[in-house]
Amino acid sequence: QKATSITGHFTETLDEVEVKCSLENNRFTLCECEKGRGIPLKRATFCPFKYLSVAEAAAIPLDVQSRGVDVGVAILLQSANQKVLLTRRTSSLRIFPNVWVPPGGHVELDERLLDAGLRELREETGLKLDPGDVSAQLLGLWESVFPPMLSRGMPQRHHVVTYMLLNTSLTHQQLQASLRPEPAEVSGCLWVDASLVKAIVSAVDGEEGSVTPLEGVAPTISVSEVSPEGVLSESDLPLSVLCNRAPNSGEDVERVSTGTKYALELWLKNLEGQGTRC
């Protein structure tokens, strides 16, 4: 069971399904539910576990299989002026280096999802928020595999990432002033709004062809670079970098992760559901 797709357990043909989830007694449990009654769980169209042969699955090293499926939490921190924080993983990280993601990490024993998310947010960005300072909701679940496609190697890590939306009463400028990123994990910080998110998610991983520039989105984006000493400085990043797709082979590239694009799409839907003009 360990070398199989979690999403595939619930659906034979689709890459997205609704499930119920709970975290009790240090066990993260997913179960089937009626449509419209659960949380979306999605995998990439190119999820390696979709394409593993029986022989390939059996050949996955025992130390990889014995890890099972880890549970992570990622925080979409939404400011009062409706921007969301993304961070760039450092080039020294073994898994998904130089990739833009929301702050997040592993859920530790005896932690609740929100507590784990707030802890990771504090450790990675220096932002200290109490549960009473935010309103939280679970947006969706993502089945994450590294490497992300078989053409780039056999699976080494398998996660279910829980994306949580945290609404704060602080603007992104107020939050930015309190940023103290951990340079061992974070090499850049970026606040994205709905128009920029629409440009990012238009670059669908697994598809070919050029990305059509969206009207009103600047060709360069201001980001906060993080020095090895943790000092922030502003620089310009081409929008095209954020619109890079996951490569089929070779070294990975700086880009927004596939799971993050999925979470950002859910965020856009949530904004529109609130009647917010995007």
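1. The bridge partner of Glu16 in strand 3 is Lys42. Strands here are DSSP runs of E with at least two residues, helices are runs of H or I with at least four residues, and both are numbered from the N terminus. Two strands count as paired if DSSP finds at least two bridges between them. By that criterion, strand 1 and strand 3 pair in the antiparallel sense, over four bridges.

2. The model is predicted, so local features need pLDDT of at least 70 and side-chain atom pairs count only at pLDDT 80 or more, whereas totals for chains, interfaces and linings use all residues. Residues are numbered from 1 along each chain as its sequence is written, and side-chain values use heavy atoms, with hydrogens and water left out.

3. Strand 3 (residues 39-43) also pairs with strand 8 (residues 135-146), in the parallel sense and over three bridges. Within strand 8, Glu143 is the bridge partner of Arg43. Four of the five residues of strand 3 are buried, so this strand is largely enclosed by the rest of the structure. Buried means under 20% relative accessible area, exposed means over 50%, and partly exposed lies in between (1.4 Å probe, protein chains only).

4. The whole structure contains 14 salt bridges, each defined as a side-chain nitrogen of Lys or Arg within 4 Å of a carboxyl oxygen of Asp or Glu. One of them joins Asp15 and Lys50, at 3.1 Å from N to O. Asp15 lies in the loop between helix 1 (6-10) and strand 1 (16-24), and Lys50 in helix 2 (residues 48-51), so the pair ties together parts that are 35 residues apart in sequence. Asp15 is buried at 18% relative accessibility, while Lys50 is partly exposed at 31%.

5. Arg119 and Glu120 form a further salt bridge, their closest N and O atoms being 3.1 Å apart. Arg119 is buried, with a relative accessible area of 9%, and Glu120 is buried as well, at 8%. Both residues belong to a network of salt bridges that links Glu108, Glu111, Arg119, Glu120 and Glu123.

6. The side chains of Arg255 and Asp252 meet in a salt bridge at 2.8 Å, N to O. Arg255 is buried, with a relative accessible area of 1%.

7. Helix 7 (residues 194-201) has six of its eight residues buried, so it is largely enclosed by the rest of the structure. The buried residues are Ala194, Leu196, Val197, Ala199, Ile200 and Val201. Among the elements that cover them are strand 10 (186-192), strand 11 (220-226), helix 8 (239-242), strand 13 (255-256) and helix 9 (258-273); contact means heavy atoms within 4.5 Å.

8. The largest pocket has a volume of about 820 Å³. On a 1 Å grid over the protein atoms alone, a pocket is an open set of points where a 1.4 Å probe fits, with protein on both sides within 12 Å along at least five of seven lines; lining residues have an atom within 4 Å of a point. The volume is the space filled by probe spheres set on the points, which are joined across faces, edges and corners.

9. Of the 39 lining residues of the largest pocket, Arg89, Ile95, Phe96, Val101 and Val161 are the closest to its centre. Strand 8 gives the largest share of the lining, five residues. By class, the lining has 19 nonpolar, eleven polar and nine charged residues. Ala, Val, Leu, Ile, Met, Phe, Trp, Tyr, Cys and Pro count as nonpolar, Asp, Glu, Lys and Arg as charged, and the others, Gly among them, as polar.
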